[in-house]
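Subject: Structure handover

Hello,

Here is the structure for your files. My notes on what was found in it follow below.

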Amino acid sequence: MLENIGYWIPSLSVGFPGQSRICDLESISCESGSANYENVGVSRDFVSLDDTQSSLTTDLYTKSPDQIHKIVYFMNKSKIPNGFKLNYRIHELETCVPRSKFDCAARFIENGNAFSLGWTRFLFYNSNQNHFRQILVIANVLPWLWVTTSCSMLYRDRNETSFSLGWVTNRFHQLIGEERVRLKWNRSQSCCCSSKKKSIHEHGSLTYEICSISKPATPIAFLCTPYLRWLQKRFAKDSCRRMHELLSHST
């Protein structure tokens with residue numbers, strides 16, 4: 001317990017950490033590059049709202065985030081480890097876009113641009129000490145205070161219409177759990193481009209999904225649980241908005 005708290009204190013900084021500080025934190029992150037819980041990979045098999053034809057998902061995008069959360073929790077309750085809480089958000093980015101937009105959006109996720117929200121930054125780098133790609137997460141948790149944590153990449157899945165990344169919290173992280181971001185391109189037969197000469201099979205809707213399961217790992221995190229849950233919801237909401245902005249400026 002004291003070891004966890006001791007790690008958290010040097011990861012705090014007043015203002016965004018400089019480059020030399022980031023390099024030091026990367027070294028610390030490599031030392032803590034093992035997952036801090038055993039049941040990893042749950043998020044990979046998590047049922048998405050896009051994966052079911054259940055009547056519960058009718059008029060999906062007219063539902064509030066709270067309603068969506070309840071539906072997803074109901075569908076995945078048996079997969080959530082005891083004590084963990086689910087945070088889920090799904091958003092339709094575009095309704096009629098070419099396949100190239102899906103490729104572009106996938107790049108925004110892989111290079112971390114989708115998570116550069118002004119108050120957060122994700123830095124991806126390769127660790128020489130383990131087989132997992134590391135993620136350094138820098139977040140502005142208070143107006144003057146930035147905290148740096150680390151995660152390890154669990155998987156990268158991609159096919160013609162879907163792309164997802166999953167990562168797990170590392171040892172010394174204030175939370176225990178994992179997170180998945182997923183991009184899905186759905187071909188549409190009733191696309192706005194169907195009246196044009198282009199093939200309608202090259203256009204469709206683009207959805208973006210973020211889900212995480214987590215629980216406090218330290219007494220500090222336990223005391224701050226309501227605030228941390230709010231930050232998770234804020235991250236999901238702001239990342240959806242960021243993807244909108246990036247896609248609107250892409251070609």
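The largest nonpolar core has 38 residues, and those with the most contacts inside it are I109, F115, L183, L206, Y208 and M243. A nonpolar core here is a set of buried Ala, Val, Leu, Ile, Met, Phe, Trp, Tyr and Cys residues joined through side-chain atoms within 4.5 Å. Buried means under 20% relative accessible area, exposed means over 50%, and partly exposed is in between (1.4 Å probe, protein chains only). Helix α6 (residues 225–248) gives the largest share of this core, seven residues. Helices (H or I, at least four residues) and strands (E, at least two) are DSSP runs, numbered from the N terminus.

M243 is in contact (heavy atoms within 4.5 Å) with L93, A105, F108, I109, A114, L183 and Y208, leaving aside its neighbours within four places in sequence. Another core lies apart from the largest one; it has 16 residues, among them V72, F84, Y88 and I176.

Before the rest, the basis of these values. This is a predicted model, in which local features need pLDDT of at least 70 and side-chain atom pairs count only at pLDDT 80 or more, while totals for chains, interfaces and linings use all residues. Residues are numbered from 1 along each chain as its sequence is written, and side-chain values use heavy atoms, with hydrogens and water left out.

Overall make-up

The protein has six helices and eight strands. From the N terminus on, their order is α-β-α-α-β-α-β-β-β-β-β-β-α-α. Of its 251 residues, 50% count as buried. Among contacts with a separation of 6 or more, 65% are between residues 24 or more positions apart. The accessible surface comes to about 12,800 Å², and 54% of that belongs to carbon and sulfur atoms; accessible areas come from the Shrake-Rupley method with a 1.4 Å probe, and for residues only the protein chains shown count as cover.

Pockets

A pocket is found on a 1 Å grid over the protein atoms alone: it is an open set of points where a 1.4 Å probe fits, with protein on both sides within 12 Å along at least five of seven lines, and its lining residues have an atom within 4 Å of a point. Grid points are joined across faces, edges and corners, and a volume is the space filled by probe spheres set on the points.

The largest pocket holds about 730 Å³ of space. Its lining has 34 residues, of which T149, H173, L175, L228 and L231 lie nearest the centre. The elements that each supply at least two lining residues include β5 (145–158), β7 (175–187), β8 (203–216) and α6. By class, the lining divides into 22 nonpolar, 10 polar and two charged residues. For these classes, Ala, Val, Leu, Ile, Met, Phe, Trp, Tyr, Cys and Pro count as nonpolar, Asp, Glu, Lys and Arg as charged, and the others, Gly among them, as polar.

The second largest pocket holds about 320 Å³. It is lined by 15 residues, and D66, H69, N87, Y88 and K233 lie nearest its centre. At least two lining residues each come from α3, β2 (85–98) and α6. Five of the lining residues are nonpolar, three are polar and seven are charged.

Single residues

Not counting residues up to four places away in sequence, V72 touches F46, L49, L86 and Y88. V72 and F46 are 26 residues apart in sequence and 9.3 Å apart in space, C-alpha to C-alpha. N76 also lies in α3, and at 0% relative accessibility it too counts as buried. With neighbours within four places in sequence left aside, N76 is in contact with F46 and V47.

S64 lies in the loop between α2 (19–31) and α3. S64 is partly exposed, because its relative accessible area is 29%. Its C-alpha atom is 9.7 Å from that of R89, 25 residues apart along the chain.

In strand β2 there are E92 and H91. E92 is partly exposed, with a relative accessible area of 25%, and H91 counts as partly exposed at 27%. The C-alpha atoms of E92 and K184, 92 residues apart along the chain, are separated by 9.5 Å. H91 and L183 are 92 residues apart in sequence and 9.8 Å apart in space, C-alpha to C-alpha.

Regards
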